[in-house]
Amino acid sequence: MDLMTKLDILADAAKYDVACTSSGSSRSAQKGKLGSACSGGICHSFTPDGRCISLLKVLYTNVCIYDCAYCASRRSNDVPRAAFTPRELADLTIEFYRRNYIEGLFLSSGVIKSPDYTTELMVRTLSILRHEYGFRGYIHAKAVPGTAPQLIDELGHLADRLSVNLELPSQKSLALLAPQKSQANILAPMRQIRDSIAEDAETRALARRKPTFYQRQVRVARKQEAFSPAGQSTQMIVGATPESDYQILTLSAALYQSYQLKRVFFSAYLPVNQDPRLPSGDAVQLNREHRLYQADWLMRFYQYRADELIDETHPFLETDVDPKANWALNHLDLFPVEVNEAPLEVLLRVPGIGPVGARNIIKARRTTTLRESELRKLGIAYKRARYFLTCNGVYGGAGVSFTREALRPLLAAPIEGGRHGRRADRVLPGQLSLFSDLQQIPERPSA
Ligand code: SF4
């Protein structure tokens, strides 16, 4: 099979994996070497449904000994199969890099022969890239559950980010849809990656602080690359099994806390197989995925706890109101707040005010009294925020009854001219691959 056919098959097979942002690595360009993993130098691409992808996103192979019900590459599917050699994939990456098509590599794989054998092939590929070509670009590699710790260690010293896909939110669902996987063998490499990242960071920090005493560590640190310096992430499929948003978000919160994950990615279930264990119907729950990302964002950047956003009695996020607005509507007794006095943590709870806006408000009010015009100049989404604010004693939402019933439809309406909830009303024409015909890609709505 020629290389382009392999690439066609393996880039296409990789398109279902969404966990591929490249932020977090700070390795810069170096004379005589190729590439840079600094965030500013990384090319990203966005699929039409808004997902962030790296341009060379491939599987090492789509041959797989497992038979996960939801997966296009599962053993029982009759699909064209292909596998790179380590040399082919490394050369291809460099050729694409030199042509300026890509800035990095996102490498995942089916399980060929065994998790160890698969990881060995990935390690060989990345070794050629890093050591032979001196490639310093961003590499995100998937760690295969069940791989020996030594191989995970080698992979981690070659990649910027590692991820182990949790796949499904509960052991029960894994047992049903991915019987060869278990939470235990998924969490074991996650734990190892967490510990290795912490250990590596600690060793390097000590070596920097006490160079004399830690000369040996300095030498070791210089010799080998940092272990997964951009952290680890995971991905969960949403909608293939009955778990609620409450279960998914509480699990995500636990993963952030216990495993220090950088990101939990949510992937709306895409029906690619006929299987009685899977939900019937073709509906892709992109709106649900979108709301989960918003809630995840609130937990990571706004200090919301999962149980503030959702609870067991209302286990699914509202689809027509974003989770922050919904929280505010449920806590009207705390509003309106005076924008010239409210502390940062209170401003962060106001719909329409983000972390940057909140800090700008705090800074600006040291020298001026803020009114509507100043807030607009600071980039605050005043149309949303006004129902929850007073500016120098003047309530911005005058004329509208301060009740949940009256405010809810105003907050549910899309922001005029913005991209709010932009994927909610989009029809997903199927996932696109590197080689998809551009005619298939629907036009983005203009801003
Ligand atoms: S392990 Fe499961 S999800 Fe991964 S490629 Fe194989 S069948 Fe697909």
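**View 1. The ligand shell, sorted by residue class.** Ala, Val, Leu, Ile, Met, Phe, Trp, Tyr, Cys and Pro count here as nonpolar, Asp, Glu, Lys and Arg as charged, and the others, Gly among them, as polar. With that sorting in hand, the shell around the ligand divides into six nonpolar, two polar and two charged residues. Keep in mind that this is a predicted model. The residues around the ligand are Cys-64, Tyr-66, Asp-67, Cys-68, Cys-71, Ser-73, Arg-74, Gly-110, Val-111 and Ala-178.

**View 2. Strand β3 and its partner β4.** Strand β4 covers residues 104-108 and runs parallel to β3, with four bridges joining the two. Val-58 has Leu-107 as its bridge partner in β4, while Leu-59 stands opposite Ser-108. Which residues cover the two faces of β3? Leu-56 and Val-58 lie on one side, Lys-57 and Leu-59 on the other, and all are buried. Together with helix α2 (residues 86-98), the strands β3 and β4 make a right-handed β-α-β unit.

**View 3. Two residues with positive phi.** Lys-113 has a phi near 65 degrees and is found in the loop between β4 and α3 (115-132). For Glu-167, phi is near 70 degrees; this residue has its place in the loop between β6 (161-163) and α5 (171-177). Is each of them buried or exposed? Lys-113 counts as exposed because it has 12 C-beta neighbours inside 10 Å, and the cut-off for exposed is 12 or fewer. Glu-167 is buried, with 23 other C-beta atoms within 10 Å, since buried calls for 20 or more.

**View 4. A cis peptide bond.** Most peptide bonds are trans. The bond that joins Phe-335 and Pro-336, however, is cis, with omega at about -5 degrees. Where does Pro-336 sit? Look for Pro-336 in the loop between α11 (323-330) and β9 (337-338).

Key: Residues are numbered from 1 along each chain as its sequence is written. This is a predicted model: local features need pLDDT of at least 70, side-chain atom pairs count only at pLDDT 80 or more; totals for chains, interfaces and linings use all residues. A residue is near a molecule or strand if its C-beta atom, placed from the backbone, lies within 6 Å of it. Two strands pair if DSSP finds at least two bridges between them. A crossover is right-handed if, with the strands pointing away from the viewer, the path from the first strand over the helix to the second runs clockwise.
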